[in-house]
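Hello,

Here is the structure for you to look over. My notes follow below it.

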Amino acid sequence: MNEALPYLEAIRQRYPELPLDTAEKIGAGQNNDVWLINGRLIFRFPKYESAIRDMEREVAFLLYAADHVSLEIPRPVFIHTCPSLKEHPFIGYNKIAGEPLEADLLQAEASNDSHEEHVPNEAFLRHIAGQLDDFLQELHGLDPKGLASAQQETGYDGYREWSDMYERIQSRLYPCMKQGARAWTDRHFSAFLGCKANFEITPSLIHGDFGTSNILYEPVSKRVSGILDFGSAGMGDPAVDYAALLASYGESFFRLVLVKNPKAREMLSRIIFYKGTFALQEALFGVENEDPEALKSGLETLEALE
């Protein structure tokens, strides 16, 4: 309980009328510490200064998007923004029912729902793929002008974003990488950055971290129940979100998404590129934020890509 005291005090100072009966730490992601308060409220506290800015953008994004998508997403109820980690800034919202839809859980549910042993129920998988694709199409179709004026994006320059990331990878991450991984990375980025068509796109509002830990599943109703963590949300290439689906659940599941949404096929080359950057991004995060676990995990994944 002692670990919870600074966080509880931050909540108490901002919302003295809120009873604080129980506090359970339920996660510590790359950017936030997560606490379950009173068994029904989720409070997220940024771990880095950059995560504070992300949280402020996230609040505006959630308040706008919550009324326009079919799946439940966090709706901020308790908000404390400030520039310093010492004051424990936070966002709080009602807990969304469900558990993370990890790839193993998805396959287990598909098998349990099948009439034939060891044969996944494709109708069930199509239903889940349909829910996720519907959500992404709704999200990507939102008008960016609906965001609060102070939080609107100034514009999206895909070439600048990814060339900048490539430079950061070369300067910060290459000293930690093996020669084979560096050569693979050079080929991967050079082919992408050298194709003008990759940047002649219409950007949209994206989730930005559409992985398994942020997709909630409710086993009783056998449906996706909600989407979490919009800290990376903003203007970008919608192919990034589809790349996360491909990386999370594999090619056979992703083919069901492509069947439902032919427009995603037009993004396929970009989807494959973005998927190939995820391990690099994780390792780069580890270097830039002194997170040795993220660095190790990213580098180990890269070795398998060589």
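**Aspartate 133**

Aspartate 133 is buried, at 0% relative accessibility. Buried means under 20% relative accessible area, exposed means over 50%, and partly exposed lies in between (1.4 Å probe, protein chains only). This is a predicted model: local features need pLDDT of at least 70, side-chain atom pairs count only at pLDDT 80 or more, and totals for chains, interfaces and linings use all residues. Residues are numbered from 1 along each chain as its sequence is written, and side-chain values use heavy atoms, with hydrogens and water left out.

Aspartate 133 sits in helix α4, residues 122-140. Helices (H or I, at least four residues) and strands (E, at least two) are DSSP runs, numbered from the N terminus. Leaving aside neighbours within four places in sequence, aspartate 133 is in contact with Tyr242, Val257, Lys260 and Asn261. Contact means heavy atoms within 4.5 Å.

**Second largest pocket**

Tyr242 and Asn261 also line the second largest pocket. Other lining residues include Gln137, His140, Lys263 and Arg270. The pocket holds about 280 Å³ of space. Its lining divides into four nonpolar, five polar and three charged residues. Here Ala, Val, Leu, Ile, Met, Phe, Trp, Tyr, Cys and Pro count as nonpolar, Asp, Glu, Lys and Arg as charged, and the others, Gly among them, as polar.

On a 1 Å grid over the protein atoms alone, a pocket is an open set of points where a 1.4 Å probe fits, with protein on both sides within 12 Å along at least five of seven lines; lining residues have an atom within 4 Å of a point. Points are joined across faces, edges and corners, and the volume is the space filled by probe spheres set on them.

**Arginine 270**

Arginine 270 lies in helix α9, residues 268-288. It counts as buried, at 10% relative accessibility. Its side chain makes a polar contact with the side chain of aspartate 237, at 2.6 Å. That term means a pair of N or O atoms within 3.5 Å; within protein, one must be able to donate a hydrogen and the other to accept it, and residues adjacent in sequence count only if both atoms are side-chain atoms.

**Histidine 88**

Histidine 88 is in the loop between β4 (78-80) and β5 (90-94). It is partly exposed, at 23%. Histidine 88 and lysine 263 are 42 Å apart, C-alpha to C-alpha.

**Cysteines**

The whole structure has zero disulfides, a disulfide being a pair of cysteine sulfur atoms within 2.5 Å. Cysteine 82 is buried, at 5%. Cysteine 195 is partly exposed, at 31%.

Best wishes
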